[in-house]
Amino acid sequence: MKKIKESRWVYILLSVLIATTLWLFVRMDEDPEMEKRESGIPVVLSGERVLETQGLMVDQISPADVTLVWKGDWHDVSQLHRDNVSVGIDVSKITEPGEYTLEFTPNYPVTVASSAVSLQSSDPQAIAVTVTKIYSKQMDIEPIFKGSIGDGYQAGEFIVEPEQVQISGAQEKVERIQRVQVVLEQRKMKESFSGALELQFLDENGKAVDTAGLRFSTTSANVYMPIVVVKELPLAVDFVAGGGATVDNIEYSIEPKTITVSGPEEVLAHLDHITLGSVDLAHVIGDYTNEYPIYLSAELENISGTDTAQVRVLVSGLVTKTVEVENIQLINVPKGYKAALVTQKRSITLRGTQQALDKVVLAQIRMEADLSDLAATGSYNVPVTVYLYAGNDVGVIGQNNVVVKLTK
């Protein structure tokens, strides 16, 4: 502490501080008159809303700022500068397009009374204002993608909201704008984009237009571009064993073999094929061909362009045998009715290996005709279910029916 007190620099700083404080005290106490010049004072408009109700607007202001010279007490004048002083012009009394020269009124901060300072001069002394009719037009917002999509991904529909923008101002300036764009620029996109982007206003040559003096319903647009995974998936069919045939006894083909789909990554990550449906081999006799629609869940899109697939199935390595069956039973006869078989015997076709067919006897075969859907007298051709009590390597193929007569 002793060394600090003895330092000559400490005494010098204390002397300067005391002198400055005394000088400020004298200035504030005596408050001498002074003159101050300040340039770059901004011009502020009032009455624009009134002007707009008449379909008019201010197109140009010249100049946009002024230079002022004040005189007054030091305490008041020293507070005035371009950041807290402006000059106002009132355009509310203008009723026609044209060029006007208007006087302005200085606006002072609340700490300085207008009567406390005297405006000595201004440059310029008035402001030139050009008033024109308001011209408006609606323009579509064009979504532009300037980027790239990552491998294995695909871009969905580029959505822009709003789809249009209203541009207002002097007709000559508005007409310079020929295109309005919102541009998304991203490389190797693997995720969907959602956000607001600034609009770009272009002339007929695609160059940016000076938009000073123009008004817009919006200067940005909300953009959404979905990015989905693209995946090639094989088509498949479920085979139901029947008629003595299993998947080991068939040859089959599906055309096309695969389709390409797009969708959310979390959905496609666990999907390795698309099932068209099922084929009951009990109804496949010889060469079977059928067309199946390709169904996808709502989250996925088929981008291959084909919505059906052709399935061909050929059973091979098995033989057939036809037998006459008399064991036909009627079940669920409607109450109050009597049922009688018109068909006493029915030929059915068995299929399997030769060895299995040779072991089948008629006592192992039974037919049932379900009459629960009948409700009136008459003769009906009713499908039957054939029960074959033999091994899995032999079965009945085709559809079988019998004729039944219903009476009271």
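The structure is a predicted model, in which local features need pLDDT of at least 70, side-chain atom pairs count only at pLDDT 80 or more, and totals for chains, interfaces and linings use all residues. Residues are numbered from 1 along each chain as its sequence is written, and side-chain values use heavy atoms, with hydrogens and water left out.

The mean pLDDT of the chain (the predictor's confidence in each residue, from 0 to 100) is 90. A score of at least 70 is reached by 93% of the residues. Among the elements, helix α1 (residues 2-6) has the lowest mean pLDDT, 49. Strand β13 has the highest, 96. Elements are DSSP runs numbered from the N terminus: helices are H or I with at least four residues, strands E with at least two.

Salt bridges were assigned where a side-chain nitrogen of Lys or Arg is within 4 Å of a carboxyl oxygen of Asp or Glu. The count comes to 12. One of them joins Glu33 and Lys71, at 3.8 Å from N to O. This pair links distant parts of the chain, 38 residues apart: Glu33 is in strand β1 (residues 33-46), Lys71 in strand β3 (residues 65-73). Accessibility was classed by relative accessible area: buried under 20%, exposed over 50%, partly exposed in between (1.4 Å probe, protein chains only). Glu33 is exposed because its relative accessible area is 55%. Lys71, at 33%, is partly exposed.

A second salt bridge pairs Arg215 with Glu52, with the closest N and O atoms 1.8 Å apart. It also links distant parts of the chain, Arg215 in strand β15 (residues 215-216) and Glu52 in helix α3 (residues 48-53), 163 residues apart. Both residues are partly exposed: Arg215 has a relative accessibility of 38%, and Glu52 one of 27%.

Glu172 and Arg176 form a salt bridge as well, with a closest N to O distance of 3.4 Å. Both lie in helix α5 (residues 171-176), 4 residues apart, about one turn of the helix. Glu172 is exposed at 59%, whereas Arg176 is partly exposed at 40%. Elsewhere, salt bridges with shared partners join Glu48, Glu52 and Arg215 into one network.

On the surface, Glu191, Glu265, Glu266 and Glu299 gather in a patch of negative charge. Patch members have over 30% relative accessible area and no salt bridge; like charges are joined within 9 Å, nonpolar side chains (Val, Leu, Ile, Met, Phe, Trp, Tyr) within 5 Å. Glu191 sits in the loop between β13 (179-184) and β14 (193-202). It counts as exposed because its relative accessibility is 64%.

The loop between β13 and β14 also holds Lys188. Its phi is near 50 degrees, a positive value in a residue other than glycine. Lys188 is exposed, at 65% relative accessibility. Asn332 likewise has a positive phi, about 60 degrees, and is not a glycine. It is found in the loop between β25 (328-331) and β26 (338-341). At 46% relative accessibility, Asn332 is partly exposed.

Two cis peptide bonds are described here. The Ser62 to Pro63 bond has omega near -5 degrees, and Pro63 lies in the loop between β2 (56-62) and β3. The Asp123 to Pro124 bond is cis, with omega near 0 degrees. Pro124 is in the loop between β7 and β8 (127-133).

How values were computed:
Areas by Shrake-Rupley, 256 points an atom, 1.4 Å probe, with all protein chains shown as cover. Lys, Arg positive; Asp, Glu negative; His and termini not counted. Charge placed at Lys NZ, Arg CZ, Asp CG, Glu CD.
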